[in-house]
Each structure stands twice: as structure tokens, then as C-alpha cells.
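Hi there,

I am passing a structure on to you, and below it you will find my notes. Please have a look around before you read on.

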Amino acid sequence: MEGADERSRRLESDAAAVQVMTVHVSKGLEFPVVYVPFAWDRWVPDEPQVLRLHDEQGRRVLDVGGPGGAGYAPARARHEAEESGEDLRLLYVALTRARCQVVAHWAPSGNTTAAPLHRLLFGAAGAGAEPPARVQPPGDDDVAAALDVLAARSGGGIEVAEVARRPVPRWEPPAPPAPELSVSRFTRTLDDDWRRTSYSALTRSAHDAAHEQHLASEPDEPVTDDERDAEVPVPEAPPADALPSPLSALPGGAAFGTLVHAVLEDLDPAALDERCADAVARHLVPGVAAEALADGLRPVLTTPLGEFGLSLSAVAATDRLAELDFELPLAGGDAAVPHATLADVVALLRRYDLGPLAGYADLLAGLEPQALRGFLTGSIDAVLRLPGPVFAVVDYKTNRLDTEPLSTWHYRPAAMAEEMQRAHYVLQALLYCVALHRYLRWRLPGYDPERHLGPVLYLFVRGMAGPATPAGAGVFSWTPPPGLVPELSDLLAGRP
């Protein structure tokens, strides 16, 4: 609290200033002009939690029992009566602080009913009588009439003035001058070399050229569409003991290839029927029944995988990684650095002996020249960890390599090698090997590409007839020559 001396100094120094204070603090003080702006506003809670009152003996009581406490109703009535009287006394203090003029405001609202100024003006109490604790606001016309009567009785001491709405000035920033309009010009040079590419994009020109022969490219998602159906029969007839293809009764095409890939994501033979039923229900390929699909794919799971002697069903789940998606930076990714082209890949392949795929470099040289900068994306059907351990890239193909009836003879190593080159699966296999190489380099302690990188296994499922499948049929196994995959990885990364 301020001391007497401090208050006296304040009164002397602030005599010419506007002072804002509560009614309680104003007791004992006088001012030339007093504004009472809020005497029309008094909010009273419906059920106050704490009651302040005096009991019958005049003692000050603080009732904290709340609405559920004993005697709450009479205590509340006494509390509200005392509060109502105190409001009037405080109003008296506020109205008697002025030496020259008092300006009091009144307005009808939800809180006006219990306000002391409102009760005093419209409570209709006689001289010396206390107005009711709550007075409902009269209509506007009645208010105007009552106040006019009050002003007339005052003999000029009271003036009633209506406060009209006044526009509130708002600052607006000065408007900037309108710029001179002109046609925008494109001056930027587009970087045509940077892109997000894939095996499909790199070989699209060849696939488009062969589209009339029903050889289409494989889009990244969501279907497999690089598996052609040959229409020109091979002149040489298959031998009499060739095993029939287990998928001869089923259709071909991109939709069927996607269906087969969906089933083979999980190689559990016990779940084959269930997976076929689920895949057929989701993909809705015409002419394919779940039972026939399961019967056709069951031999695929038991066909030996080349020299390893294992079959897909014999590879444990812990040794199989399905659908390995990758997105690899080419020549620095976003950075504009020196980068390779497909011609550089051709030159690299010509330095290596590709074995059964010899001559593919010349075929690759016929593709449209393309820069290898940006990112390389794709998805490997499966990576298998085989004894050694070595890691093999697996890709499933549903291509028909001749017209029906197909047999395992149609999927002999020479026929598959020809298809690997014609469809540019060799480039696909090498890019997948680069992705696996970078993955193992990151994840496998002590990784050595010459020891851990295994073959690529392109499984032409129509030529896989189970354990009795002739050696080499249906499974195209090719191991890239040592050093080729790491060197290709460095070439794609822009490293010399």
C-alpha cells in the first residue's frame, strides 16, 4: 500500500493528469471531473462457490461449502443482499468524487440487471428506499422517457446524451505504385541430362521399336510388361521327351506377368494356394482361375536353380529378400558433375568376356544415346543368399518363347540367352547387380564383390517343370565376369 506521504506527492504531481483508479481507492479523494464508465455492468454468478456475509451476531463469515453445503440457500440470500447493498454504496462513492462534473454511462445488456446505476435509475424505489437487487431493463422508449423526466426534475443539473456510433479510424499503409506490366520471359536453360531413369526408360526406344512384334518395355510400376509372347514358331521341333510347360493352359501378357510376380513375392509352398486365390481376386486377369494358377506355379518352386541344386522352396525365408526397391545416385545425384553415357557402358562391356551373352555390347550400342545423370530406380524381384555365401539376383519372367504347346525345350539355355539380349535383360541384370553391390557394400561386413556377388538367375517360369526339368532349362544363370559390376558402379557414379 502507498504511504500517506507518497500518496500526497502523487496527488500534487498528477493533479493535471488523467487518473484511472478503482472506486475503493478513490475514497476520500476529489477531482474536477469524474467518469464512471462501468456502473451499468454487474455480473452475478448463478451459484457462487464462496459466500461472504455477516451472521446474526454481526460476525464476518466466509462460507466455502458451495451449493451442496448445508444452509447454502439462506446464506446465499444474505450474501447477495449484502453484495447488492455494497454495490450501491460503492456507486455513491463514485458519484460523489467530482467537484464539477460526473459522466456516468448506461447501456442495456445481459449484465445490466444487477448493476447499481441501473437499479438506481429504474428500480422505482422511493426516497430513502433501497431498489431491488435485480431490475429488468425497460424498452428503449421507456428508458428515454424515464431519463428525460429525471433530467427535467434536476433543474438543469442532469443532462442526458446519447452516445452515437463513431467510425474508428484505421491506419492503412500507403499503396505502392503499380509496377509497369511486361511479358515474362523464360531465360533459364533446362537440364535435359538430369532425370530419374530406369532400365525401362533406358531401353524404351528398343522396346517401342519392337512393340509391333509384341515386345514392350517394363514400366517401374505397377505392372510387369517386358515379357513378350512369340508368334513365329522356331523351325526346329522339340524332342519327344521334352516336358510340357506347367503354365501352357494359362494366358500371357502384362497382366498375367504382374499376377505371377504378386504370387511369387512369398515362396512358401504351404501358402501357395492361398496366395494364388488372393492374387487372382485382386488382379482379376481374364481366363485365370486360382486353382489352375497354383497348379502351374507349384513346379516352379521345386525346379533346381542351376548348379546350386536348391529350389525356390528350399531357400529359407531368412535367406530371401523380396522386392528390393532401390534409387541410386548417378554421377552425384543432384550435383552437376561429369557423367557417363550409354556409350561408355558399351565401351566397358566390350572389354569383358560376357560368355553366353557375347555380342550384347553391339546390340546395346544401337540404343538411343543417353546421359546417365540423376537417379537410377528399380525393384529387384528377389535377392537370395545361397551357400558360400553368395548373393544372387532373381527376376521372374513369364515370356512365351514360342507358340503353344510350350515345353522345357523351348526354354533351353541358347533360347533364353537370345531372349536375354533381344529384350535387353542383360542391361537390366547388370543394373540390378550394381544395386545389390552397393547394398551389400553398405550392409555386409567384410564385403568382397568377387567372393559375395553371385549369379543373376532369370527364371522363365513357363520352362520350369519341377525336379525333372532338364539341366539349364527355364533357369538362365549367368555370373558377370569379375570386376565388371564394381567398375560399372563406379562408371555410373561418375568416378574415374
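**The salt bridges and their surroundings**

Arg-196 counts as exposed, at 52% relative accessibility. The words for this are defined as follows: buried is under 20% relative accessible area, exposed is over 50%, and partly exposed is in between (1.4 Å probe, protein chains only). The side chain of Arg-196 forms a salt bridge with Glu-327, with the closest N and O atoms 2.9 Å apart. A salt bridge here is a side-chain nitrogen of Lys or Arg within 4 Å of a carboxyl oxygen of Asp or Glu. Arg-196 lies in strand β5 (residues 194-197) and Glu-327 in strand β6 (residues 320-330), so the pair ties together parts 131 residues apart in sequence. Glu-327 itself is partly exposed, with a relative accessibility of 42%. The helices (H or I, at least four residues) and strands (E, at least two) are DSSP runs, numbered from the N terminus.

A word on what you are looking at: this is a predicted model, where local features need pLDDT of at least 70 and side-chain atom pairs count only at pLDDT 80 or more, while totals for chains, interfaces and linings use all residues. Residues are numbered from 1 along each chain as its sequence is written, and side-chain values use heavy atoms, leaving out hydrogens and water.

How many salt bridges does the structure hold? There are 18. Another of them joins Arg-298 and Asp-273, at 3.0 Å from N to O. Arg-298 sits in helix α9 (residues 290-302) and Asp-273 in helix α8 (residues 272-283), so this pair ties together parts 25 residues apart in sequence. Both ends are partly exposed: Arg-298 has a relative accessible area of 33%, and Asp-273 has 44%. There is also a network, in which salt bridges that share partners join Arg-42, Glu-83 and Asp-87.

Arg-76 is partly exposed at 24%, and Glu-80 is partly exposed at 27%.

**A charged patch and a buried threonine**

Which residues gather in a patch of negative charge on the surface? They are Asp-140, Asp-141, Asp-142 and Glu-162. For a patch like this, residues need over 30% relative accessible area and no salt bridge, and like charges are joined within 9 Å. Asp and Glu count as negative, Lys and Arg as positive, and His and the chain ends are not counted. The place of a charge is taken as NZ of Lys, CZ of Arg, CG of Asp or CD of Glu. Asp-141 belongs to helix α4 (residues 140-153) and is exposed, with a relative accessible area of 66%.

Thr-408 is buried, at 2% relative accessible area. This residue lies in the loop between β9 (390-397) and α12 (413-422). Leaving aside residues up to four places away in sequence, Thr-408 touches Ala-242, Leu-243, Gly-463, Ala-465, Thr-469, Pro-470 and Ala-473; contact means heavy atoms within 4.5 Å.

**The whole chain**

The protein chain has 15 helices and 11 strands. Of its 496 residues, 40% count as buried. Among contacts with a separation of 6 or more, 72% are between residues 24 or more positions apart.

Enjoy exploring!

Methods:
Patches are made of residues with over 30% relative accessible area and no salt bridge: like charges are joined within 9 Å, nonpolar side chains (Val, Leu, Ile, Met, Phe, Trp, Tyr) within 5 Å. Accessible areas come from the Shrake-Rupley method with a 1.4 Å probe; for residues, only the protein chains shown count as cover.
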